[in-house]
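Open the model in your viewer and get ready to select side chains.

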Amino acid sequence: MAKDYYEILGVDKSANKDEIKKAFYKLAHKYHPDKKEGDEKKFKEVNEAYQILSDDGKRSKYDQFGSGYENMGNAGGYSQGQGGFGGFDFSGFQNSSQDFDFGNLNDIFSDFFGGNGGGREQRRGRDISTEIHITFAESIFGVNRKILLTKTSSCDTCKGNGAKTGTKMETCKACNGQGQIREVRRTILGSIETKKICEHCLGSGEVPKEKCEKCHGKGVLRKEEEISLAVPAGIRNGEMVRMTGMGEAVAKGTSGDLYIKINVTPHAIFKRDGHDLVMNLNLKLSDALLGTEYPIETLDGKIEVTIPEGVSINEILRVKGKGVPVGKGKRGDLLIKLNIKLPNKLSRKSRELIEELKKEGI
Ligand SMILES: [Zn+2]
Ligand SMILES: [Zn+2]
């Protein structure tokens, strides 16, 4: 099956890395299986396309060999395993700089997608979630946040192996270093053999000779940890950010993921409409008729907006490039919706002047 990775991500063949990344984040977010409208198949496709197009080496091979490239290594045939997809997080894809090698394509892909090659059950820490509140301006421009979490983390003293500093590991006696134990049960249908992970060494085949005093040999402990999150520009209220491996740690296994819900405090003046920012502006009748310059406090600071003469109610002025960032150096626009504020009460003088205007046919 030939796949057009550019089409899957909805980008041009000439798209730069940043555009590809943006397209990927957007689609991965949309199709993420954890989402209500998620679509796992599409999510995998998008992920697959990104793995290729985000890597210069793979991208150029793909450009060169097209769909043939895919058939050579059964790239589409991966299975989802522990640790799963990088998703839209910001810490994944460390593998993407790996050298390309046709002969090892399957290996590379199983690395990418965390395939459970060995077929052995892997221990995985709990996924955890938290939420943060950011201002409207921070949601538009992005912000770096430090989050303090109390969670089960790997022990720094023993680096997670549970051994006292300076002491060695020894072979686990319970499983004789095999990491697993065979269990044979006799039943009326004959004997059934199952393999179980050794509970003493948790499958690693070795145990500390002397236990780490900090974590009592567990390799993990509950502690407070500071996590740095770079909230991307243009994030919307309610969006989730997943940080792979930042969830709870588990001894001799992979850490779970951390999900962070982003709450955006609404702004008193600005609202979002796609990549544009929208605001209302009340004009005096005379300004609407004669035109003027209006100072406006945007999220970027003060600007002067020219109101042309003779604008009408609900007319929209567009200030280019003052909206939501959409890519490298690109931004949506600021839309200023004009409203004409008519006076509630007229002074005698105003009334006389308007009577005059009336005679002029205005
Ligand atoms: Zn320890
Ligand atoms: Zn053991």
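Select Glu-248 and Arg-126 in this predicted model. Their side chains meet in a salt bridge, at 3.2 Å from N to O. A salt bridge here is a side-chain nitrogen of Lys or Arg within 4 Å of a carboxyl oxygen of Asp or Glu. Zoom out: the pair links distant parts of the chain, 122 residues apart. Glu-248 sits in the loop between β8 (240–243) and β9 (258–264). Arg-126 sits in the loop between α6 (105–112) and β1 (128–134). Helices (H or I, at least four residues) and strands (E, at least two) are DSSP runs, numbered from the N terminus.

Now show the surface. Is Glu-248 buried or exposed? Glu-248 is buried, with a relative accessible area of 8%. Arg-126 is exposed, at 53%. Buried means under 20% relative accessible area, exposed over 50%, and partly exposed in between (1.4 Å probe, protein chains only).

Next, select Glu-193 and Arg-182. Their closest N and O atoms are 2.5 Å apart, in another salt bridge. Glu-193 lies in strand β5 (residues 190–197) and Arg-182 in strand β4 (residues 180–187), so the pair ties together parts 11 residues apart in sequence. Glu-193 is partly exposed at 45%; Arg-182 is exposed at 54%.

Then pick Arg-124, Asp-127, Arg-242 and Asp-257. Salt bridges with shared partners join them into one network.

Last stop: Arg-145 and Glu-138, a salt bridge of 3.3 Å from N to O. Arg-145 is partly exposed, at 25%. The whole structure holds 24 salt bridges.

Residues are numbered from 1 along each chain as its sequence is written, chains are lettered from A and ligands numbered from 1 in the order in which they are written. Local features need pLDDT of at least 70, side-chain atom pairs count only at pLDDT 80 or more, totals for chains, interfaces and linings use all residues, and side-chain values use heavy atoms, leaving out hydrogens and water.
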